[in-house]
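Subject: Structure for you to look at

Hello,

Here is the structure I said I would pass on. Please open it first, then read the notes below with it on the screen.

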Amino acid sequence: MKNLIFGICLIFSPFVSFSQKTITLPKDTFQLSNRKFYVPEVIDKRKNKEFIGELWKGAFKKSDKITVDGGVYNYLNTWFLTNFKKTSENQTAVKVIIKHITISQSESYSKDVGKIYVGFEFIDIFNYKHEVHSEIIENTDDAFSTHPQRLIAAFRDCVRKFNKSIPDNNSQEIKTEDNAVEIVFDNNDQTSNSNKYTEKPEKIRSANNRNVIAIGYQIGGYTLIGVDYEVRVHDYLGVHFGAGFIGFTGGLKIHTNKEKNSLFFNLSWKDAGLGIYNGFGIEAGDRWILSRKRDFGLYYQGGIFILNHIDSDFEQQLYNGASAPPITLSLGIGLSW
């Protein structure tokens, strides 16, 4: 069985390739009012330092590794040391540990959904550790081009949270107008000296439904036509079940990325004739979106079928008296949403 799964992976692996897309973070000057700390050192302890996200492009197409121009550590090292220098004897020295930086994007009807997750750990001279994180999810017309704004918004959000956690000697609460975070970018490459991005605490969130309904030929088992429903139970795992005329199926789908429209490997039980013909399927498949607004598209999968049982009368009829082969090719195609 392991050899069969390995063989399937070898068959489909040439269709999945990787390249790189780079985002550029603009120079950001950030002045934090009532700042109680300064930063003398920044350390990168992310598990994955090669890239900060992946941009998948659908069936049998390449996945772009998303990186930051010049490196995200180099940018943050300059950002912290420049914006958070010591300006008062009352400020506490803190070391910044970069723990997590992840960006992703997906589709939701006619909009893109851009997602940012950032986590920093601040350690003071007494070795007291305080970890903060920021998550921003935003509906946008172009998620990729707006990732830089969300990244800097998350950086600033983490710093504000940490500064607020430090006891104020003057016992004065930090207040900002309407609790909005206003970010001013200083980008020399643009005709204007600055542009603004406002990110409010009540972020736009989209509960992305990654479940899939498919209907078509050999979709709900070995059937002329059937329906299958997949429930995504994990970023990379989904369980599915279906039925049709006449048969049923059920199994596990292993996805290659977190998005709804992703290449998957399908390990399933397939039945025809309610027990007349059944076995185990190992397939790969994907969705080809026809209508992004309605999340409607073509669904297809293909692979091998390992025979478990076939009724003798049906075997005689189907194979003209010959024995049924233990392994055959399988194919399913239909529509999905």
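The protein chain exposes about 18,200 Å², and carbon and sulfur atoms supply 54% of that area. Please keep in mind that this is a predicted model. Of the chain's 337 residues, 45% count as buried. The chain has four helices and 18 strands. If you take contacts between residues at least 6 apart in sequence, 60% of them join residues at least 24 apart.

The nonpolar cores

The largest nonpolar core has 38 residues, and the members that touch the most others are Phe 80, Phe 120, Leu 151 and Phe 155. At least two residues of this core come from each of β3 (37-44), β5 (63-68), α2 (72-83), β6 (92-108), β7 (111-124), β8 (129-140) and α3 (147-165). Which of these gives the most? That is α3, with eight residues.

For one member of the core, I listed the contacts, leaving aside neighbours within four places in sequence. Leu 151 is in contact with Ile 23, Leu 25, Ile 52, Ile 101, Ile 103, Ile 116 and Val 118. There is also a second, separate core of six residues, which includes Tyr 222, Ala 272, Tyr 277 and Ala 324.

Helix α3

Of the 19 residues of α3, 14 are buried, so this helix is largely enclosed by the rest of the structure. Its length can be checked too: at 1.5 Å a residue, 19 residues should span 27 Å, and the end C-alpha atoms of α3 are 27 Å apart, which agrees.

Strand β11 (residues 212-217) runs antiparallel to β12, and five bridges join the two. Within this pair, Ile 215 stands opposite Val 227, and Gly 216 stands opposite Gly 226. β11 is also joined to β18 by four bridges, again antiparallel. Here Tyr 217 stands opposite Ile 333.

β12 in turn pairs with strand β13 (residues 237-245) in the antiparallel sense, over eight bridges. The two form a hairpin with four residues between them.

Which residues of β12 are on its covered face, and which on its uncovered one? Gly 226, Asp 228, Glu 230 and Arg 232 make up the covered face, while Ile 225, Val 227, Tyr 229 and Val 231 make up the uncovered one.

Glu 230 is in strand β12 (residues 225-232). Is Glu 230 buried or exposed? Its relative accessible area is 3%, and buried means under 20%, so Glu 230 is buried. The side chain of Glu 230 makes a polar contact of 2.6 Å with the side chain of His 255. Not counting residues up to four places away in sequence, Glu 230 touches Asn 211, Val 212, Gly 238, Val 239, His 240, Lys 253 and His 255.

Thr 328 lies in strand β18 (residues 327-336). Leaving aside neighbours within four places in sequence, Thr 328 is in contact with Tyr 222, Tyr 277, Gly 303, Ile 304, Phe 305 and Tyr 319.

Backbone details

For Asn 34, phi is near 55°. Asn 34 is in the loop between β2 (27-28) and β3, and it is partly exposed, with a relative accessible area of 37%. For Gln 218, phi is about 55°. Gln 218 lies in the loop between β11 and β12, and at 13% relative accessibility it counts as buried.

The peptide bond from Phe 245 to Ile 246 is cis, with omega near -10°. Ile 246 lies in the loop between β13 and β14 (247-255).

Finally, look at Phe 280 in strand β16 (residues 277-291). Phe 280 counts as partly exposed, at 27% relative accessibility. Its C-alpha atom is separated by 6.1 Å from that of Lys 270, which is 10 residues away along the chain.

Regards

Terms used
Residues numbered from 1 in each chain as written. Predicted model: local features only at pLDDT ≥ 70, side-chain atom pairs only at ≥ 80, totals over all residues. Heavy atoms only, no water. Core = buried A, V, L, I, M, F, W, Y, C linked by side-chain atoms within 4.5 Å. Buried < 20%, exposed > 50% of the residue type's maximum accessible area, 1.4 Å probe, protein only. Contact = heavy atoms within 4.5 Å. Polar contact = N/O pair within 3.5 Å; in protein donor to acceptor, adjacent residues only side chain to side chain. Expected span 1.5 Å × (residues − 1). Pairing = 2+ DSSP bridges. Areas by Shrake-Rupley, 256 points an atom, 1.4 Å probe, with all protein chains shown as cover.
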